[in-house]
Amino acid sequence: MTVSVDIDLGYEFAVKAPFEKVFEILADVPKSASHFPKVDKLVDMGDDTYRWEMQRVGTAQVGIQTVYACKYASDPKKGSVVWKPVKGVGNAQIEGSWKITAGKGKTDIVLKTKGVVDVALPALMRVVVVPVVNSEFEKLVEKYIDNLIAKFGGEAE
């Protein structure tokens, strides 16, 4: 039995680093991913496509490892980095985008990500699994943002 967990997150923040530095890091998937916690492996599949293999979380009896692949496209003129899921890879379909905008002495960043993570567990576990997976995903993304803010010299006012 599989339990499907919907993920839908959005964050807006501003950093002190200039647009060029922010875009350069966020558009470079391996550089950006190096700031994401609990990544076991990031596999370059070619053609701007990467497979993310997250560390296994949970207990020995009930463990979850999320694996998914995305194809990335970046456009410096639009200040955008967009990723679309690659069907048939792993147990999740994740999509999202960065929107990066230069401001006065700061760079504004908007992150949107959503998708579905399929967890092989009995349906009876759904009431427990859904909030745990959602919470874990949210914590990972928030830590990722904190790591990026530190990389970019702090949050701008």
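Start by selecting Val128, which is partly exposed, with a relative accessible area of 47% (buried means under 20%, exposed over 50%, partly exposed in between, with a 1.4 Å probe and protein chains only). Before moving on, know that this is a predicted model, where local features need pLDDT of at least 70 and side-chain atom pairs count only at pLDDT 80 or more, while totals for chains, interfaces and linings use all residues. Residues are numbered from 1 along each chain as its sequence is written, and side-chain values use heavy atoms, with hydrogens and water left out.

Val128 sits in helix H3, residues 126-151 (helices, H or I, of at least four residues and strands, E, of at least two are DSSP runs, numbered from the N terminus).

Staying in H3, click on Val133. Is Val133 buried or exposed? Val133 counts as buried, at 11% relative accessibility. Show what Val133 touches, skipping neighbours within four places in sequence, and you get Val5, Ile7, Ile64 and Val119 (contact means heavy atoms within 4.5 Å).

Next, colour the strands. In what order do the 7 strands of the open sheet run? The order is S1-S9-S8-S7-S6-S3-S2, with antiparallel pairing (two strands pair if DSSP finds at least two bridges between them). Strands S1 (2-15) and S2 (39-46) are at the edges with a single partner strand each, so one side of each has no neighbour in the sheet. From one strand to the next, the twist averages 20° (axes are lines fitted to C-alpha atoms, for helices over the stretch in contact, and angles run from 0 to 180 degrees between N-to-C directions).

Zoom in on S3 (residues 49-54) and S6 (residues 67-75), an antiparallel pair joined over 5 bridges. Pick Arg51 and you'll find its bridge partner in S6, Ala69.

Now bring the helices back. H1 (residues 19-27) packs on the sheet, touching S1, S6, S7 (80-85), S8 (92-103) and S9 (106-120), and its direction makes about 170° with that of S8. H3 packs on the sheet too, touching S1, S3, S8 and S9, and its direction makes about 25° with that of S1.

Last stop: Thr49, in strand S3. Thr49 counts as buried, at 10% relative accessibility. Not counting residues up to four places away in sequence, Thr49 touches Val43, Asp44, Cys70, Lys71 and Val86.
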